Amino acid sequence: MITKTHRLLSLTTAIVMASTSLAFAEPSAELIEAAKKEGMLTTIALPHSWCGYGDVIAGFKAKYPEIQVNELNPDAGSADEVEAIKANKDNMGPQAPDVVDVGLAFGPQMKDEGLLQPYKVSTWDEIPDDIKDAEGYWYGDYYGVLSFIVNKDLVENTPADWADLLKPEYASQVALAGDPRASNQAILGVLAAGLHKGAEAGEASGKAGLEYFAELNKAGNFVPVIAKAGTIAQGATPIAIAWDYNVLAWRDELAGNPPVEIVVPKTGVLAGVYVQGISAYAPHPNAAKLWMEYLYSDEGQNLWLKGYCHPARFNAMAKAGKIPQELMDALPPAESYEAAVFPTVEEQNANKAAVTAGWDSVVGANVQ
């Protein structure tokens, strides 16, 4: 039976949701001119290795050299992005983000709190309905699955599943790529562990995932360090749990020093959608809209795919023959994604509430 948790699987398994009309993604001359007059776009929480954002930002700059891209706090998490908008409501200066890229559960929350303004890009119809707000306050941009990346210089046996990480041979080796109290990636890492334990996505997965990480921490295997390419290479976090597009980018960055292996776990395969939104208080609203037009253009979507992410318009673009074959060939094999679960917004919200409220008391590891 196809449950609501699996309703997005058509994103990966079939190209059936494409719009039949061709998408013309050229923004209006008026929008381009207004954005150029503003002269700046302020982004936040966009590491260049995340989803190919380095190339995306470079592409936007090349297309619109009149607009300066002001990048705030590349290593921030989704909760930090929310707080940055709240803290700068009355600030039109360079610390106020124009745009955010946050986990799916944060989109509705930000809309409810009045932190976003609606905007529908010209390729709106090709963004699947399940991952966008009908009024245009937030819209899915890309997705990936949580994976393990393993430093093979330090780890002899590559873990194949969540249960393996509890083995004594992985003492002081396992880390999350974020703080589960604030990072969407880490919060969903807990959800995935809960799915592995047989819990349903939602509050149940949050509680089961917390129990899993409490066990991992008690065993001495969990490392309370935010994992990234550098910590993996240094040996501080020899095994890291992160999105496939992040670990694939880290693999490229490390270039064999050290050699790494990447594994999509056998169970608890979790797919996570991220969403874009424009701040309701954006100092540069036209530049923000132009940025969205670029992200959802064929060029922007293919740059995300080059960064190992499945972009929101993937199906429509594949059907229209707009995706270069070499980008398709660079992705992990499709069968790795067949067991992926796409939790709904409601399930993610319930999981997030359980994880953020319970991490300190249940797991007790101060991740930083």
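## Helix α10

In this predicted model, the buried residues of helix α10 are A287, A288, L290, W291, M292, E293, Y294 and L295. Because eight of the 11 residues in this helix, which spans residues 285–295, are buried, α10 is largely enclosed by the rest of the structure.

M292, one of the buried residues of α10, is in contact with V99, Y119, V121, Y139, Q276, G277 and I278, once its neighbours within four places in sequence are left aside.

## Nonpolar cores

The largest nonpolar core comprises 82 residues, and those with the most contacts inside it are F213, W291, M292 and W359. Helix α6, covering residues 184–196, gives the most to this core, contributing eight residues. Apart from it lies another core, made up of 17 residues, including A45, V82, F106 and M110. In soluble globular proteins, nonpolar side chains tend to be buried together.

## S279 in strand β9

S279 belongs to strand β9, which runs over residues 271–279. The relative accessibility of S279 is 2%, and because buried means under 20%, this residue counts as buried. When its neighbours within four places in sequence are left aside, S279 is in contact with I85, P97, D98, L115, L116 and Q117.

## Confidence

The protein chain has a mean pLDDT of 91, with 93% of its residues reaching 70 or more. Over residues 1–23, however, pLDDT stays under 50, and for this segment the model has 46 contacts beyond four places in sequence. Where pLDDT is low, the predicted coordinates should not be read in detail.

Methods: Residues numbered from 1 in each chain as written. Predicted model: local features only at pLDDT ≥ 70, side-chain atom pairs only at ≥ 80, totals over all residues. Heavy atoms only, no water. Core = buried A, V, L, I, M, F, W, Y, C linked by side-chain atoms within 4.5 Å. Buried < 20%, exposed > 50% of the residue type's maximum accessible area, 1.4 Å probe, protein only. Helix = DSSP H or I, 4+ residues; strand = E, 2+ residues; numbered from the N terminus. Contact = heavy atoms within 4.5 Å. pLDDT = per-residue confidence, 0-100.
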